[in-house]
Amino acid sequence: MQTFLEKLADYYIKNNLTEINDFCFVFPSRRAGLFFTKALAERINRPMWSPEVLTISDFFHQLNPTPVSDTITLLFKLHLNYCEVMPSDVTIDEFLPIGEMLLNDFNDIDKYLADADQVFSNLAAIKAMEGDFSHLSKEQIDAIRTFWESFNPEKLSEQQTSFLSLWEKLPTLYHQYRKNLQDEGLAYQGMVSRSVAESIRSERAIIIPWKRVVFAGFNALNNCEKVVFHYLNLQGKASFFWDYPQWIVPQPNDSPVKIKADHEAWRFLQYNLANYPSPRDWDAPFNPDYPTITISAASNELVQAAIANHFLEASEPDGANGEKTGLILADEQQLLPVLHAIPEKYKAINITLGYPLKNTPAFALVDAILAMQKTTRRTKEGKTWFYHREVMAVLRHQYMNTLLKGRSNELIQRLNKSRQIFIIGDQLQSDELLKSIFQKIETTPELTNYLNKILTQIYLKLAEDDNNKVEKEFIYFLITAIKRLSDLLSELPQVPSAATWQQLFRQIATQQTVPFKGEPLSGLQVMGILETRLLDFQNLIILGLNEGTFPKTTPPVSFIPYNIRKGFDLPTIDNQDSIFAYYFYRLLHRAKKIHLVYTTNQALTEENEMSRFLQQLYYEYPGQVEMQTLLQEVTIPATPKIEASKNAEVMTQLNQWLLPEGRSLSPSALTMYLTCPLKFYYKYIAGIKEADEISEDLDPRMFGNLFHQIVEALYRPFIGQTIEKQDLEQLLKDHNHLRSIMDKIFAENIQSEGDSKHLFTDLQGKISLVYSIIQNYVTQFLKQEMKSAPFQLLGLEEKVEYRLKLSNNIEVNIGGTIDRTDRQKGIMRIIDYKTGKAGKTMNNVEQLFTQKDHDDKKAIFQTLLYALVKSKITGEKEIEPGVIAVKELHAKDYNTQIYLTHGRTKETLTLDKVINEYQNYLDETLQELFNPAVSFRQTENAKSCEICTFKQHCLKN
């Protein structure tokens, strides 16, 4: 079956071949003109001049050659006029949303030949009435105030007076803006169209350089287009051809085709056919058949892409290169996943749609770079400091890995290990490429050159691989947008700041689309709905046909409300629905194979419903409609038990704790084994490390390290001495000494660059808060220590080791670092500092060795183990384990003791009271650990998994 454009080409070859070069063919889109030209070329076998082929915008430009400026230029010029007319100091970035609405409204007013003064005067009158409360009686006002206390009609009137003055000045703004553009030889599209229409009306004729103009495939006409069509028709210089499916035409009551008389897609066509009829000998290429239409519900966007893949696999690439197969996206944001779903047999792919710039990787990179620039600081000494979060965002971007040839990951790892919140520039500038990225930009011109240089380098790197054509298009368009914005800003009387530039860029970029333009006559056609105008496909699949997406259920943003638009014949949401209904039904009627898809994943919103057009098809389509619901098959397998067997390699690792000169098994390692044997395997046998990352909050481990080191530094001078109460009082009084110790330790742990003199001038955010918190804890710690003074300090951070013999004569190296050993009232104390949770009571020793209870009792387990080792080394039995729980330092009943409870009574725990029982349980645990027949198993305590570092390696979670 012939397409509409092929039929049109045959018609003019048959009737006007010798004079066709004197004709002008006008189509709704440039792409339709290209396919028409191709159809002509395929049917003419001798050289001849081609006719003029134009879009409707090009046609108006032929009649009025005033150049139409781009949107960014128009908005900037509108802002200048707005500031002159309105008593306002609105900045350009604040004005952009207002400007876009105004520009759209001005365009509509001109294209539909509305009287701007009347439109805006009616608008001002409505706004005045909306805020007029003069009709309310005193009783009514009092009644309103009973539930709205702030209601004050007098005050509202004062505010509205200023507000309404803006509405009243809109006509002045409209006329002045148009005049200024005209004086500069510029225009927006509506201005050009209105100028042409008004000129034709005044002269009652239209002069064209062609013998005849052929208008083909139009639908909704604005009033300017109607004027042109009307006068050309009166002069006998125009022909009109309308493309539509026959089954949307209202049918007689006895017709088997059940089409409503008010079908949306028929709304504008009935006017066009009545006023601009086609030639009598034109035989429209209606499709006599009604192909079966398949409608599928997909659970998500990925399933939609899978449906597209299946459809294309089952369809042969019709045409020379598959150009008769159309993959249409109602939602352009689906482009990237859909591209990956196209089968390899489609060697050529033509993309014709506008993809949102804000969704591109290129925009994400520039956005990350701008965020980095915003937080970058330069000190008085000339040093540049970067905030870690923004630096990491830039380095982790996919383009950075391409540009730096994989070095970005190495740099990320190095920065994570340094644990710096603020990174000095020297660390990021090891070569010229990195210097060009990590630098502080001060001025707007520098910012433009800086971004373009980075993007150009990435573009050249991507150009080395032919598979990066889409990515190159993103970057090229972004470079163009940046350059254009900078050119416009350079014309302003004052140079805007870099911050203003960034704000403008983000606002403009979020409203831009990347216009993909491929080879239109070859390959699978991937298009948006608007690009399909007047084109026909044999194989057709449309994705994203959800209500709210197609058609849009929200009207275009405008200052002019619906009723005024309706009264002045301006386009409304009704027009929008009718236009898209026409595009949809026209696209279907010549296809042989049709598949329509919508998603059901936007829960509790109307966008999870199929489009109303699909509902209409189901009930009104003369042919057959098949409904499908495609679901992903999801199976839930039985959760396997994860175990790590103790093979020869694992036993070799374990034996390192058994060798006389081997490593020591620490209390924290045994704690991990008791909590989850598999977690012990991951860390100590498989050697899986936690991912390094920088945290502003400081992780609990770093917080604990800081507290330990500060307390150690304060007490180290007292090792071997008795600490008296007055010693602690002196430490509390000497604030400078405490701060100097804290500054030094923070510098060693948090900021590895810079000298201590300027360390905290750049320290900002949560780290400074942590500094104050730790200072408070250390102060409170010293106050609590005064209550237990005097005591003899025996050791700090003491490393102990002992070969513990088990009942089966195996000897295990046990050892670790004791936070503090002291002697009070003749009893040795083993003190452990805990900044996390620390249970300090137990009912029995068994609790320390069970997965359910161990996590809460691990502080008791560890201090008892240190006490046991110390007992073996010194021979002392009466050793008191104790815990300094930092979170409890402010408690009134604070002490370091651990208690063994017996019903309602409790006693202070000492090693001699539980040593035998403790050793027995420890013996059993260690024998299990070194038993080749016992695998490393998952924990049975699911609570332990909640914050486990190795959750991702454990299928149980």
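# Briefing on a predicted model

Strand 24 (residues 899-902) pairs with strand 25 in the antiparallel sense, over four bridges. The model described here is predicted.

- Strands of a sheet pair through backbone hydrogen bonds, and the pairing may be parallel or antiparallel.
- Three strands form an open sheet in the order 22-24-25, and their pairing is mixed.
- Strand 22 (841-842) and strand 25 (905-908) stand at the edges with a single partner strand each, so one side of each has no neighbour in the sheet.
- Within the antiparallel pair of strands 24 and 25, H902 has T905 of strand 25 as its bridge partner.

- Y618, Y619 and M627 make a nonpolar surface patch of about 360 Å².
- Y619, one of these residues, belongs to helix 25, which covers residues 612-620.
- The relative accessibility of Y619 is 61%, and Y619 therefore counts as exposed, since the cut-off for this class is over 50%.

**Cysteines**

- A disulfide is a covalent bond between the sulfur atoms of two cysteines.
- The count of disulfides in this model is zero, given that the sulfur atoms of a pair must lie within 2.5 Å.
- C83 has a relative accessible area of 28% and is therefore partly exposed.
- C224, by contrast, counts as buried because its relative accessibility is 0%.

**Cis peptide bonds**

- Most peptide bonds are trans, and most residues other than glycine have a negative phi.
- F550 and P551 are joined by a cis peptide bond with an omega of about 0 degrees.
- P551 is placed in the loop between strand 14 (539-543) and helix 23 (562-567).
- P790 is found in the loop that lies between helix 32 (766-788) and strand 19 (791-805).

**Positive phi values**

- L534, a residue other than glycine, has a positive phi near 75 degrees.
- The loop between strand 13 (524-528) and strand 14 contains L534.
- L534 counts as buried because its relative accessibility is 1%, and the cut-off for buried is under 20%.
- E797 is not a glycine either, yet its phi is positive, at about 50 degrees.
- E797 has its place in strand 19.
- With a relative accessible area of 25%, E797 is partly exposed.

Conventions
Residues are numbered from 1 along each chain as its sequence is written. This is a predicted model: local features need pLDDT of at least 70, side-chain atom pairs count only at pLDDT 80 or more; totals for chains, interfaces and linings use all residues. Side-chain values use heavy atoms; hydrogens and water are left out. Two strands pair if DSSP finds at least two bridges between them. Helices (H or I, at least four residues) and strands (E, at least two) are DSSP runs, numbered from the N terminus. Patches are made of residues with over 30% relative accessible area and no salt bridge: like charges are joined within 9 Å, nonpolar side chains (Val, Leu, Ile, Met, Phe, Trp, Tyr) within 5 Å. Accessible areas come from the Shrake-Rupley method with a 1.4 Å probe; for residues, only the protein chains shown count as cover. A salt bridge is a side-chain nitrogen of Lys or Arg within 4 Å of a carboxyl oxygen of Asp or Glu. Buried means under 20% relative accessible area, exposed over 50%, partly exposed in between (1.4 Å probe, protein chains only).
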